[in-house]
Amino acid sequence: MRAVLYDAFGAPPRLVQLPDPTPEPHGVVIEVRATGVCRSDWHGWMGHDPDIRLPHVPGHELAGVIVAAGREVTRWRVGDRVTVPFVCGCGTCHECRTGNHQVCEAQFQPGFTHWGSFATFVSIHRADVNLVRLPDDLDFATAASLGCRFATSFRAVVDQGRTSAGEWVAVHGCGGVGLSAIQIACALGASVVAVDLSEERLALARALGAAATVDARAVPDVAAAVVALTGGGAHVSIDALGHPTTCANSIGNLRRRGRHVQVGLLLGDQATPAIPMARVIAWELELRGSHGMQAHRYDAMLAMIRTGSLAPARLVGRTITLDQSIEALVTMDRFEGSGVTVVTAF
Ligand SMILES: [Zn+2]
Ligand SMILES: [Zn+2]
């Protein structure tokens, strides 16, 4: 198969020929039809993820068709159109048995713990637990864009943020995660304040339904600006970027008893941001992490897509080839652009 491979962190990835994978007894091999390019891939390539063993094939936002299934797989057949969450569960640990595969104690993460989907084929473990069937009318590029950022945002806004109609939701960072969160929060009947440094991304945020926007370069105090716009602070606030400043602004713009959800990764020398715990106690703020979404919660998200209240296709930016994915990956920190970049030609 053709695959994008890197031998050292930060060194240029190469397009290479590798042996085709064979399925684990409990797993499947998927022919990749679309795979998203994500900031997490860039973090992995930079060496920020301790799970990655070299040499490595990145890619975790995938959709495709099953071409081989192991003998223990009962729910899936060759030819099925599927996607996977970016955190796959083992199916047997305490967290998986209580339905929380997204925090499995023995996670399988394509593109991190194992080789990923910047390739013709990808091997996925524990298929019966982890695969999600695609509706026939959902195209592969849109499906691939669900796996990481959209699903993560769905869990952050719906399950972890417990957002309800009439509430104010602040979204810090309008990349793939943030724009997804805006669309999902608006679909729930909440009002959104979007914060970013780019007027282009803020315009997209407004087009997706944000009621107000804050250009973080144009105001002296982002948190105070959000508090003013929301008449006393957001009920729910999401750090969709992952930076000590956006984390602090997200906690700082909450009203009393507000809920902060941390989605953006804080890695390297940013891994331990300062948290104003005195405010957290005095105002009874909630701080929650959000880590992907388990396969069995996709049904709720796919139902909202089917009825048209969510339109993830609007977040797909450009489609590229596997050859072009190398350039897209290594420049991810500099040119995120607007919308999700998806590889659709292998
Ligand atoms: Zn598990
Ligand atoms: Zn991702």
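This is a predicted model: local features need pLDDT of at least 70, side-chain atom pairs count only at pLDDT 80 or more; totals for chains, interfaces and linings use all residues.

Trainee: What radius of gyration does the protein chain have, and what would a compact globule have?
Mentor: The chain holds 346 residues, and for that number a compact globule would have a radius of gyration near 20 Å. The C-alpha trace spans about 55 × 40 × 35 Å along its principal axes. The value for the chain agrees with the globule rule, because it is 20 Å.

Trainee: How many helices and strands make up the secondary structure of the protein chain?
Mentor: Helices and strands are both present in the chain. The secondary structure comes to eleven helices and 15 strands.

Trainee: What percentage of the contacts between residues at least 6 apart in sequence join residues at least 24 apart?
Mentor: As background, 57% of the 346 residues count as buried. Among contacts in the chain between residues at least 6 apart, the share that joins residues at least 24 apart is 70%.

Trainee: Which element gives the most residues to the lining of the largest pocket?
Mentor: The largest pocket has a volume of about 1,000 Å³, and 46 residues line it, with Arg39, Ala240, Leu241, Gly264 and Leu265 nearest its centre. Two or more lining residues come from each of α1 (39-46), α4 (140-160), α5 (176-187), β9 (191-196) and α8 (244-252). With four residues, the element that gives the most is α1.

Trainee: Which element gives the most to the lining of the second largest pocket?
Mentor: About 210 Å³ of space lies in the second largest pocket, and of the 13 residues that line it, Arg75, Leu131, Val132, Ala295 and His296 are the closest to its centre. The elements that give two or more residues to this lining are α3 (127-130), β7 (132-133) and α10 (298-306). The lining divides into seven nonpolar, two polar and four charged residues. With three residues, the element that gives the most is α10.

Trainee: Which backbone oxygen does the side chain of Thr83 reach?
Mentor: Thr83 is placed in strand β5, residues 81-83. Thr83 counts as buried because its relative accessibility is 1%, under the 20% limit. Not counting residues up to four places away in sequence, Thr83 touches Leu62, Ala63, Asn130, Leu131, Val132, Leu134, Ala143 and Tyr298. At 2.6 Å, its side chain reaches the backbone oxygen of Leu62.

Trainee: Is Ser153 buried or exposed, and which backbone oxygen does its side chain reach?
Mentor: Ser153 is found in helix α4, and its relative accessible area is 1%, so Ser153 is buried. Leaving aside neighbours within four places in sequence, Ser153 is in contact with Val177, Ser180, Ala181 and Ile184. At 2.8 Å, its side chain reaches the backbone oxygen of Arg149.

Trainee: How far apart in space are Cys96 and Gln107, C-alpha to C-alpha?
Mentor: Cys96 lies in helix α2, residues 94-97, and it counts as buried because its relative accessibility is 5%. Beyond four places in sequence, Cys96 touches Gly89, Cys90, Gly91, His101 and Cys104. Cys96 and Gln107 are eleven residues apart in sequence, and their C-alpha separation in space is 10.0 Å.

Trainee: What is omega for the cis peptide bond that joins Leu54 and Pro55?
Mentor: Most peptide bonds are trans. Pro55 lies in the loop between α1 and β4 (61-69). For the cis bond that joins Leu54 and Pro55, omega is about -10°.

Trainee: What is the phi of Arg162?
Mentor: Most residues other than glycine have a negative phi. Arg162 sits in the loop between α4 and β8 (168-172), and it is partly exposed because its relative accessible area is 35%. Although Arg162 is not a glycine, its phi is positive, at about 50°.

Trainee: What relative accessible area does Glu284 have?
Mentor: Glu284 has a positive phi of about 50° although it is not a glycine. Glu284 lies in the loop between α9 (277-282) and β13 (286-289). Glu284 counts as partly exposed because its relative accessible area is 49%.

Terms used: Residues are numbered from 1 along each chain as its sequence is written. Chains are lettered from A and ligands numbered from 1 in the order in which they are written. Side-chain values use heavy atoms; hydrogens and water are left out. On a 1 Å grid over the protein atoms alone, a cavity is a set of points where a 1.4 Å probe fits but cannot get out, and a pocket is an open set with protein on both sides within 12 Å along at least five of seven lines; lining residues have an atom within 4 Å of a point. Grid points are joined across faces, edges and corners, and a volume is the space filled by probe spheres set on the points. Ala, Val, Leu, Ile, Met, Phe, Trp, Tyr, Cys and Pro count as nonpolar, Asp, Glu, Lys and Arg as charged, and the others, Gly among them, as polar. Buried means under 20% relative accessible area, exposed over 50%, partly exposed in between (1.4 Å probe, protein chains only). A polar contact is a pair of N or O atoms within 3.5 Å; within protein, one must be able to donate a hydrogen and the other to accept it, and residues adjacent in sequence count only if both atoms are side-chain atoms. Contact means heavy atoms within 4.5 Å. The radius of gyration is taken over C-alpha atoms; the globule rule is 2.2 Å times the number of residues to the power 0.38.
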